[in-house]
Amino acid sequence: MQLKVTGLRTATKKLANGRIAYYAYAWQGGPLIAKGEGGTRDTARENLETQLATPAAMSKLAAARETQLIRPTPSVAYIAGIVQAYLKSPEWARLAPRTKGDWRKHVDAFDAEFGDWRTALFEDPRSVQDLAEWRDAHPSLRQGQMRMEVVSRLFSWARSRGMTTARPTEPLERIYKVDRSDIIWTDSEVERIRAHSGDTLQWAIQLAVETGLRQGDLITLPWSAISDVAIRYRTAKRRKDVVIPITPALRKALADIPKRSPVVLTSSTGRAWTGFGLRAS
């Protein structure tokens, strides 16, 4: 059976007994319409679909949608209100598009799980248990930790606006630690991949080696940022001005790249790379 109802927001949670719970809400932050449980995600989803087909669930959904048009903006006394206020804030608007995309899924998941909680509940130290369970329910250790980092940023913003004094994520130790030492490319590895790359990919690799810029900065670096002695550029992630001296190796790398676009790096079509395109190559 496939879910036929549109507009629902769904969320999953691993219960203390190891079973999976699947929830369906009328909308993001809206009332719970139905719930299904099972030993696996698929079983839980099937049970949720069965529940959604019942007259009781359909009645709840109809009642919720009748009130949706006159639904007031949630109060910041509730998590749903904090979330909505944050998503409308200048601080959120200033985030880079990719950061918004990465964070939004965790903000939405937090809202779906805790949106109907009073904000004051997170001032109680016992709330850390609920947050830990929600974090650990994510199948990815790294993404589970990312949930906590996003929630921490959300509460930091709310505290700065006087909406709460809660610091619910602080007691949770970091469960994912970044160690990138095993993905640093050696000179021999760079030469091996260059031997099997076309010109456009070789230019990108060499420019990355000589500048140390992140991928997002590499694909947007304009020729206008390059002088005879240095590259002066404001990075996208940290929004800091950097000055990269033009070394002999960097000068040669730049000389090999044809100027066929306002940006330095282009794909085989002559157009600027997209992040996805460069990663795929």
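Where is P139 found? P139 sits in the loop between α6 (127–136) and α7 (141–160), and more about that loop comes below. This is a predicted model, in which local features need pLDDT of at least 70, side-chain atom pairs count only at pLDDT 80 or more, and totals for chains, interfaces and linings use all residues. Residues are numbered from 1 along each chain as its sequence is written, and side-chain values use heavy atoms, with hydrogens and water left out.

**View 1. A sheet of three strands.** β1, β2 and β3 form an open sheet in the order β1-β2-β3, with antiparallel pairing. Strands here are DSSP runs of E with at least two residues, helices are DSSP runs of H or I with at least four residues, and both are numbered from the N terminus. Two strands pair if DSSP finds at least two bridges between them. The edges of the sheet are β1 (9–14) and β3 (32–38), each of which pairs on one side only. From one strand to the next, the twist averages 20 degrees; axes are lines fitted to C-alpha atoms, for helices over the stretch in contact, and angles run from 0 to 180 degrees between N-to-C directions.

**View 2. The bridges of β2.** Let us look at how β2 (residues 20–25) is held on each side. Six bridges join β2 to β3 in the antiparallel sense, and Y22 has G36 as its bridge partner in β3. β1 and β2 also pair in the antiparallel sense, over six bridges, and here A11 has Y23 as its bridge partner in β2. The hairpin of β1 and β2 has five residues between the strands, and G18 takes a positive phi near 90 degrees in that hairpin.

**View 3. Both faces of β2.** In a regular strand the side chains alternate between the two faces of the sheet. In β2, I20, Y22 and A24 point one way, while A21, Y23 and Y25 point the other way. The strand is mostly covered, with six of its six residues buried. Buried means a relative accessible area under 20%, exposed means over 50%, and partly exposed lies in between, using a 1.4 Å probe and protein chains only.

**View 4. The second largest pocket.** This pocket holds about 400 Å³ of space. Of the 19 residues that line the second largest pocket, A11, T12, R41, A109 and R147 are the closest to its centre. On a 1 Å grid over the protein atoms alone, a pocket is an open set of points with protein on both sides within 12 Å along at least five of seven lines, whereas a cavity is a set of points where a 1.4 Å probe fits but cannot get out; lining residues have an atom within 4 Å of a point. Grid points are joined across faces, edges and corners, and the volume is the space filled by probe spheres set on the points. β1, β2 and α5 (97–114) each supply at least two residues of the lining, and β1 gives the most, with six residues. By type, the lining divides into eight nonpolar, three polar and eight charged residues. Ala, Val, Leu, Ile, Met, Phe, Trp, Tyr, Cys and Pro count as nonpolar, Asp, Glu, Lys and Arg as charged, and the others, Gly among them, as polar.

View 5. D136 has its place in helix α6. It is partly exposed because its relative accessible area is 46%. In the loop between α6 and α7, P139 counts as exposed, because its relative accessibility is 78%. The C-alpha atoms of P139 and K14 are separated by 9.8 Å, although these residues are 125 apart along the chain.

**View 6. T43 in helix α1.** T43 lies in α1 (residues 41–52). At 32% relative accessibility, T43 counts as partly exposed. Not counting residues up to four places away in sequence, T43 touches E37 and G38; contact means heavy atoms within 4.5 Å.

View 7. A230 lies in strand β4 (residues 230–234) and is buried, with a relative accessible area of 4%. Leaving aside neighbours within four places in sequence, A230 is in contact with A225, V243, I244, P245 and I246. S261 lies in the loop between α11 (248–256) and α12 (275–280), and counts as buried at 18% relative accessibility. Its contacts, not counting residues up to four places away in sequence, are W223, T266 and G270.
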